[in-house]
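Please load the model in the viewer and keep the selection tool at hand.

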Amino acid sequence: MKILVIQQKRIGDVLTSTILSNNLKQKYPNAQVDYMCYANCVDVLKNNPNIDNIIVLEEKVRKNYLSLFQFIFKIRSTKYDAVIDAYSKLETNLITLFSGAKYKISYKKGYSNIFYNYNIERLKNGTKSDIGLAIINRLRLLKPLIEEEITDYKPKVFLTDSEINQAKEILSKFPLKTDKPTFMIGILGSEWYKTYPFEKMAELLDFTVQTTDANLLFNYIPKQKEDAQKIFDLCQPETQQRIYFDLYANDLRSFLGLMSQCDALIGNEGGSVNMAKALFIPTFSLFSPSVDKETWQIFEDEKNISIHLKDLKPEIYTEVDEKYIKENTFKYFEEYPIALIKEKLKDFFEIIR
């Protein structure tokens with residue numbers, strides 16, 4: 001049996017959809033389970049024993065119709081028995097349609113019957129869940145292939161011993177206080193509207209150092225370095241001394257290695273939070289007010305805490321829609337009481353100590 005899982009776009013999405021390959025391999029241990037994603041997401045899939053082949057859909061292929069159809073017919077030649085499309089956009093609609101698979105599975109949309117013969121309804125926002133709709137709706141895609149109740153629904157990142165040892169070696173070259181905790185800081189969101197205001201983030205970092213005297217590592221990509229520096233400059237001198245700004249991973253696997261050695265991740269909600277959870281590292285995250293709480297507030301427990309405006313002031317969401325909130329992100333970030341965030345952060349430090 002050959003099965004293809006498709007999930008494009010962001011790292012958090014790709015990592016979350018590995019629960020599909022993990023459960024498929026458990027149900028069909030002799031099956032070939034392949035995974036299609038964009039090039040920037042490959043690293044979160046590496047060494048996953050439940051994925052036989054990682055198939056990269058390159059941007060230059062996506063943007064050229066001839067190249068895309070050549071790619072589609074290459075997929076068809078593999079003769080998959082099942083294709084699960086968790087992305088469901090035009091490019092993956094076409095890949096699935098022409099795959100020749102007996103099982104063509106995706107989410108139900110107005111036009112989806114054209115491309116898929118198994119159209120799965122998503123549970124709507126407002127459905128209560130301890131594990132988040134991002135997880136539940138993906139698991140629903142497995143229903144045509146797995147009848148049993150699924151209990152293994154947490155994404156995992158698989159690091160090698162050499163990657164872990166390399167991370168330890170990098171950390172050993174910096175004068176970290178080994179008797180104090182080390183926190184990875186998700187200093188910036190992937191978009192402007194997913195980024196907690198710089199001044200308030202600096203205030204939370206000051207509070208973190210005052211409370212724990214922790215070592216702080218900044219997580220940012222090269223194009224974000226200038227903004228990361230701005231937040232560093234806003235911190236108190238005592239905090240700046242605890243920030244190891246140049247302790248930086250040059251690639252995603254190295255970052256995962258470094259994070260595996262941290263005591264917690266603190267910062268903006270996003271892919272890095274999902275990766276920390278997949279490494280079983282405690283997380284404290286701040287949601288953008290316009291990001292869907294029900295979908296992405298996943299695996300919440302005493303060691304994985306998040307703050308969302310809908311938890312603090314739900315009445316706002318009855319007065320205006322999320323589009324308006326997104327357009328006025330910083331106005332609504334002002335609605336987050338920083339005293340309350342500090343109180344919850346202090347409780348978090350006590351729990352993970």
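**Stop 1: helix H11**

In this predicted model, begin by selecting the buried residues of H11, namely Leu 252, Arg 253, Ser 254, Phe 255, Leu 256, Gly 257, Leu 258 and Met 259. The helix spans residues 252-260, and eight of its nine residues are buried, which leaves H11 mostly covered. To see what these buried residues pack against, display helix H1 (11-16), helix H7 (161-172) and helix H12 (271-278), together with strands E7, E8 and E9 (264-268).

**Stop 2: strand E8**

Next, select E8, one of the elements against which the buried residues of H11 pack. Which residues cover each face of this strand? Asn 215, Leu 217 and Asn 219 lie on one side, Leu 216 and Phe 218 lie on the other, and all are buried. Because five of the five residues in 215-219 are buried, E8 is largely enclosed by the rest of the structure.

**Stop 3**

**Stop 4: a patch on the surface**

Finally, turn to the surface and select Tyr 65, Phe 69 and Phe 73, which form a nonpolar patch with about 350 Å² of accessible area together. Phe 69 belongs to helix H4, residues 65-78. Phe 69 counts as partly exposed because its relative accessibility is 31%, a value between the limits of 20% for buried and 50% for exposed.

Methods:
Residues numbered from 1 in each chain as written. Predicted model: local features only at pLDDT ≥ 70, side-chain atom pairs only at ≥ 80, totals over all residues. Heavy atoms only, no water. Patch = residues over 30% accessible without salt bridge, like charges linked within 9 Å, V, L, I, M, F, W, Y side chains within 5 Å. Areas by Shrake-Rupley, 256 points an atom, 1.4 Å probe, with all protein chains shown as cover. Salt bridge = Lys/Arg side-chain N within 4 Å of Asp/Glu carboxyl O. Helix = DSSP H or I, 4+ residues; strand = E, 2+ residues; numbered from the N terminus. Buried < 20%, exposed > 50% of the residue type's maximum accessible area, 1.4 Å probe, protein only. Contact = heavy atoms within 4.5 Å.
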